[in-house]
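Please read the following walk through one protein model with the structure open beside it.

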Amino acid sequence: MTGAGRGLGRAAAEHLLATHPETHLLVAARGPGAERLARDLAATTGNPNVSAVSCDLASTADIRAAAHEVRRRVDAGEVPPLSGFLGNAGLQMTSRTQATPDGCEMTFAVNVLANYYVLRLLWDLFTAPARITLVTSDTHFGDLRHNLGMIPPPRWENPAQLAEPREGTRARSASEGRTAYSTSKLAVLYLVHALARRLPEGVDVYGFNPGYVPGTGLTRDAGPIVRALSRTLLHTLRATPLALSPTAAGILLADTACGARPGETGAYVDRRRTAPSAPESYDRPREEQLWSTLADLCALPTEPEPTEQPGNDPG
Ligand SMILES: NC(=O)c1ccc[n+]([C@@H]2O[C@H](COP(=O)([O-])OP(=O)(O)OC[C@H]3O[C@@H](n4cnc5c(N)ncnc54)[C@H](OP(=O)(O)O)[C@@H]3O)[C@@H](O)[C@H]2O)c1
């Protein structure tokens with residue numbers, strides 16, 4: 001699992017450990033804090049069945065090293081064969097200018113590329129039945145009902161362009177950073193559909209939307225006004241159906257990752273149930289173009305080729 005250190009991911013990790021003591025949870029977190037996170041999770045839940053690997057998802061070198069270490073542990077029997085992956089880590093920037101050490105735009109790198117690269121590097125280690133859950137967002141719809149007027153709609157472009165950090169006044173605006181965010185979450189759905197056509201039988205993949213969850217660290221890059229709003233006024237939305245607390249969202253995420261099978265592979269899980277994602281999110285040419293661009297960016301072959309699996313059908 002990525003993104004287990006805070007926010008709704010922390011709540012999901014605690015719920016998983018509390019309710020699935022038989023499942024070993026391997027958390028990937030950046031820096032030396034990864035081991036401490038595993039110890040904290042064990043202490044909080046009373047379940048020692050958790051370990052950690054250090055990984056900054058903004059660095060492809062770090063992802064390679066972490067995947068290598070996971071493979072070593074599985075081969076050595078230190079952790080069981082992989083029965084799932086929960087890609088929860090994500091960020092929202094207030095610009096589109098920041099680059100990773102590899103020169104990729106930060107939002108695209110962490111929210112999209114990292115999930116792809118982890119999965120490609122660990123591909124053969126998943127043993128059916130297995131479940132992959134990638135966290136997306138209903139901001140990918142781009143309408144007021146889903147983004148509450150806070151996040152601009154996605155703006156799809158050639159994925160090679162989406163991966164490029166930008167320069168100039170417009171790129172430095174919060175609006176561009178948030179457009180990169182909603183676009184990255186649309187890309188996560190494209191990735192889910194492309195994966196559903198390729199993963200072996202019995203290895204399912206889902207896109208999970210927690211809805212609006214004020215009170216996490218997601219807006220930490222924002223200015224003081226947005227952060228203050230997120231801490232105060234927007235918290236009151238939790239008393240309405242418009243928002244969930246990090247704990248409530250984390251429980252739903254944990255259930256999607258480890259509870260009853262949510263539905264057909266490739267489905268969008270909107271909090272508690274599967275539902276169609278935005279019409280724009282079902283677009284096979286874009287999905288396949290994204291898949292091959294991600295392969296290029298990671299210097300990997302585009303194989304495996306797609307098979308006619310579900311996952312590209314709004315029904
Ligand atoms: N909050 C919402 O309203 C909302 C709505 C829809 C979807 N989501 C999605 O839910 C997921 C969790 O977000 P959240 O709201 O809980 O935000 P959060 O509190 O900021 O948690 C984000 C998690 O991602 C990790 N992360 C970010 N960049 C990383 C990197 N380079 N390497 C490794 N880990 C990294 C963070 O680790 P550190 O602690 O090291 O920073 C943290 O554990 C995200 O994918 C987000 O897009 C959130």
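How far is an oxygen atom of the ligand from an N or O atom in the side chain of Lys-185? The distance is 3.0 Å, a polar contact in the sense of a pair of N or O atoms within 3.5 Å (within protein, one must be able to donate a hydrogen and the other to accept it, and residues adjacent in sequence count only if both atoms are side-chain atoms). This is a predicted model, in which local features need pLDDT of at least 70 and side-chain atom pairs count only at pLDDT 80 or more, while totals for chains, interfaces and linings use all residues. Residues are numbered from 1 along each chain as its sequence is written, and side-chain values use heavy atoms, with hydrogens and water left out.

Tyr-181 places a polar side-chain atom 2.6 Å from a ligand oxygen, and a backbone N or O atom of Gly-90 lies 3.4 Å from a ligand oxygen. The ligand taken alone exposes 880 Å², of which the protein buries 94%; these accessible areas come from the Shrake-Rupley method with a 1.4 Å probe, and for residues only the protein chains shown count as cover. The shell around the ligand draws two or more residues from each of α1 (7-19) and α7. Helices here are DSSP runs (H or I, at least four residues), as are strands (E, at least two), numbered from the N terminus. In total 28 residues are around the ligand, and Asn-88, Tyr-181, Val-213, Thr-216 and Gly-217 come nearest; a residue belongs to this set if one of its heavy atoms lies within 4 Å of the ligand.

The interior comes next. In soluble globular proteins, nonpolar side chains tend to be buried together. A nonpolar core is a set of buried Ala, Val, Leu, Ile, Met, Phe, Trp, Tyr and Cys residues joined through side-chain atoms within 4.5 Å, where buried means under 20% relative accessible area, exposed over 50% and partly exposed in between (1.4 Å probe, protein chains only). The largest core has 56 residues, and Phe-126, Ile-132, Leu-134 and Leu-195 touch the most other members. Among the elements that give two or more residues to this core are α3 (60-75), α7 (174-196) and α10, and α4 gives the most, with 12 residues. A second, separate core of 30 residues includes Leu-41, Leu-244, Leu-252 and Leu-253.

Leu-134 shows how parts of the chain meet. Beyond its neighbours within four places in sequence, Leu-134 is in contact (heavy atoms within 4.5 Å) with residues including Phe-85, Leu-119, Leu-195 and Phe-208.

The whole structure holds four aromatic pairs. Rings of Phe, Tyr and Trp (its six-membered ring) pair if their centres lie within 6.5 Å; planes under 30 degrees apart count as stacked, over 60 as edge-to-face and the rest as tilted. Tyr-116 and Trp-291 have ring centres 5.1 Å apart and planes at 80 degrees, so this pair is edge-to-face. Because Tyr-116 lies in helix α4 (residues 106-122) and Trp-291 in helix α10 (residues 284-297), the pair ties together parts 175 residues apart in sequence. Tyr-116 is buried at 1% relative accessibility, and Trp-291 is buried with a relative accessible area of 1%. Trp-123 forms another edge-to-face pair with Trp-291, 6.4 Å centre to centre with 70 degrees between the planes. Trp-123 lies in the loop between α4 and β4 (126-135), so its pairing with Trp-291 in helix α10 ties together parts 168 residues apart in sequence. Tyr-116, Trp-123 and Trp-291 form one aromatic cluster.
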